[in-house]
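Here are a few exercises on a sheet and the helices around it. Grab the model and work along.

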Amino acid sequence: MLVALDEKNELIYAHSLKEVAEEKSHYYCPNCKESVFLKKGSLKIAHFSHFNQTNCSSFSEGETREHLEGKQLLYEWFTKQGLICQLEAYLPDLNQRPDILVWINKTDAVAIEFQCSSLPMKRMIERTVGYKSKGYDVFWIVGSQFKLDGKITAFQRLFIYSNDKIKSSLFFLNVAKKTLYSYSNIQQQNATQRIVYDKCLVKLDKFTLVDVPVLIKKLSAKRREKESETAAKSNELIQSHHYLNQGRMYQTPELISFQKYIYCRGDSLISLPKEVYLKVTDQVMIKTLPHFWKYILLKWLSKKTIDSVITLKQLDEQINEMIDNKEIIFYEMPLISLEEQKKPLYSYVRLLVKVAILEEKNSEQWILKRKAYYYKNEQEKITSFSKELSLWK
């Protein structure tokens, strides 16, 4: 722990104490009130530790060097910007102690959690829901163990944010380099399930909080420009088709489930229309195979007559029915609302407008102009796909 109570029952910060001069002083755990002692060494920054093995519910022994230094680094960064914040502040109504509590104004506070080690998924969700239930915003930052690479785990997804201002973002703190990384606009590819993202780094000794969103926005613009130049060089349709065939060969469980579902409806992997393969943004939030839920939506549309009107209310009802039937399953992502997780399905509807299956009448109504074409054989499908360039970014 980085804070303790002194003999006057006042909070004292470990980094503010001198080694020898404070040896005769007595310090106490802010939670269990048991005696603690100051530890200063070459391996870890100054911190307090219980004298004996403890059952203290708020502070665990053996915090890693990364966790201790990361908390201190973030605390100093917030403080330098004139924000009122407290290390390891105890919240009695929750019986929780965030790493840092930052007041953004006189009444609103944000709980900052720096997660460096594995945590039971259930516990992370409980902590997040707990903060929100008492009116606290919560902001999780991950440590080196959870830095993104080409794949993303279910655990990493727990810490992803997405709203109107931040698009599918994960924040990682490199303590050694004193750098905060933002992995934003995280997208999962249909064909390989690998992820791509915009990466922005913020040197904590050079940039303020105000700079962060500006830097992310600039980087994202550059990435989109770069992607638009290379979009025509790839054929996502063929790659995605090969991905399904490969899953069939290796008997991938989710692919076998999908295959059985479409067979029962008179279709096969060969007959699937190209609209099933269209790449949708924010698929990273959906656990269900992307081809699966798109197929269901297309089948729903195919039951309607040409030139019939589809309303937003009807679409909402269909999506909710798919959720109830577990035909679409979302990842556990407590930092993202269900409404935000459903957005990829609405994005898919906009893609169907782009490929002329639907025509937009207004923001809440569409007209069915044609139905998806189902292929008769593999050669016809590959020939058709080869003529297609990416219709999206």
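Contact here means heavy atoms within 4.5 Å. Helices (H or I, at least four residues) and strands (E, at least two) are DSSP runs, numbered from the N terminus. Axes are lines fitted to C-alpha atoms, for helices over the stretch in contact, and angles run from 0 to 180 degrees between N-to-C directions.

The model is predicted: local features need pLDDT of at least 70 and side-chain atom pairs 80 or more, while totals for chains, interfaces and linings use all residues. Residues count from 1 along each chain as its sequence is written, and side-chain values use heavy atoms, without hydrogens or water.

**Exercise 1.** Work out the order of the three strands in the open sheet.

*Solution.* Strands pair if DSSP finds at least two bridges between them. Start with β14 and β15 (residues 365-368): four bridges join this antiparallel pair, and Asn362 sits opposite Gln365.

**Exercise 2.** Describe how α8 and α10 cross.

*Solution.* First, get the geometry: their axes come within 11 Å and cross at roughly 130°. Next, classify: under 35 degrees is roughly parallel, over 145 roughly antiparallel, 65 to 115 roughly perpendicular and the rest oblique. The pair is therefore oblique. Finally, check the contact: Leu312, Leu315, Asp316, Ile319 and Met322 of α8 meet Leu345, Tyr346 and Val349 of α10.
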